[in-house]
Amino acid sequence: MAKRIYVGNLPWGVTKVRLDELFSSFGEIEDSLVVANKYTGRSRGFGFVTFKHDSNADKAINGM
């Protein structure tokens with residue numbers, strides 16, 4: 001089962017690709033999202049990462 005985790009306090013310059021790079025070391029990522037302002041396109045400083053396996057999400061929570 002997939003588990004989605006919230007990732008806060010991201011620098012404004014973090015992209016989806018960079019978020020994937022940061023969290024892929026903990027396991028296989030199903031999806032990721034950096035939430036952006038709809039008018040400016042600038043990151044709002046948070047996002048979500050969905051792991052394919054719950055245990056990998058738990059490792060990421062503990063590791064970060």
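**Exercise 1.** Is N56 buried or exposed?

Solution. The model is a predicted one.
- Step 1: Locate the residue. N56 sits in helix α2.
- Step 2: Take its relative accessible area, which is 10%.
- Step 3: Compare with the cut-off; a residue counts as buried under 20% relative accessible area. N56 is therefore buried.
- Step 4: List what surrounds the residue. Leaving out residues up to four places away in sequence, N56 touches F26, G27, E28 and F51.

**Exercise 2.** Determine in which order the strands of the sheet are arranged, and which strands stand at the edges.

Solution. 
- Step 1: Count and order the strands. The open sheet has 3 strands, in the order β1-β3-β2, and their pairing is antiparallel.
- Step 2: Find the edges. β1 (3-7) and β2 (29-36) each have a single partner strand, so one side of each is without a neighbour in the sheet.
- Step 3: Look at one pair in detail. β2 and β3 (residues 43-51) pair in the antiparallel sense over 6 bridges. L33 stands opposite F48 in β3.

**Exercise 3.** Describe where each helix lies relative to the sheet.

Solution. 
- Step 1: Begin with helix α1 (residues 16-23). This helix packs on the sheet and touches β1, β2 and β3. The direction of α1 makes about 135 degrees with that of β2.
- Step 2: Turn to helix α2 (residues 54-63), the helix that holds N56. Helix α2 lies across β1 and β3 and runs at about 20 degrees to β1.

**Exercise 4.** Work out what pattern the chain follows along the sequence, and how its radius of gyration compares with the globule rule.

Solution. 
- Step 1: Count the elements. The chain has 2 helices and 3 strands.
- Step 2: Read them along the sequence, which gives the pattern β-α-β-β-α.
- Step 3: Along the principal axes, the C-alpha atoms fill a box of roughly 35 × 20 × 15 Å.

**Exercise 5.** State what share of the residues is buried and what share of the contacts joins residues 24 or more positions apart.

Solution. 
- Step 1: Of the 64 residues, 33% count as buried.
- Step 2: Among contacts with a separation of 6 or more, 58% come from residues 24 or more positions apart.
- Step 3: For the surface, the accessible area of the chain comes to about 4300 Å², and 52% of it belongs to carbon and sulfur atoms.

Definitions and conventions:
Residues are numbered from 1 along each chain as its sequence is written. This is a predicted model: local features need pLDDT of at least 70, side-chain atom pairs count only at pLDDT 80 or more; totals for chains, interfaces and linings use all residues. Side-chain values use heavy atoms; hydrogens and water are left out. Two strands pair if DSSP finds at least two bridges between them. Helices (H or I, at least four residues) and strands (E, at least two) are DSSP runs, numbered from the N terminus. Contact means heavy atoms within 4.5 Å. Axes are lines fitted to C-alpha atoms, for helices over the stretch in contact, and angles run from 0 to 180 degrees between N-to-C directions. Buried means under 20% relative accessible area, exposed over 50%, partly exposed in between (1.4 Å probe, protein chains only). Accessible areas come from the Shrake-Rupley method with a 1.4 Å probe; for residues, only the protein chains shown count as cover.
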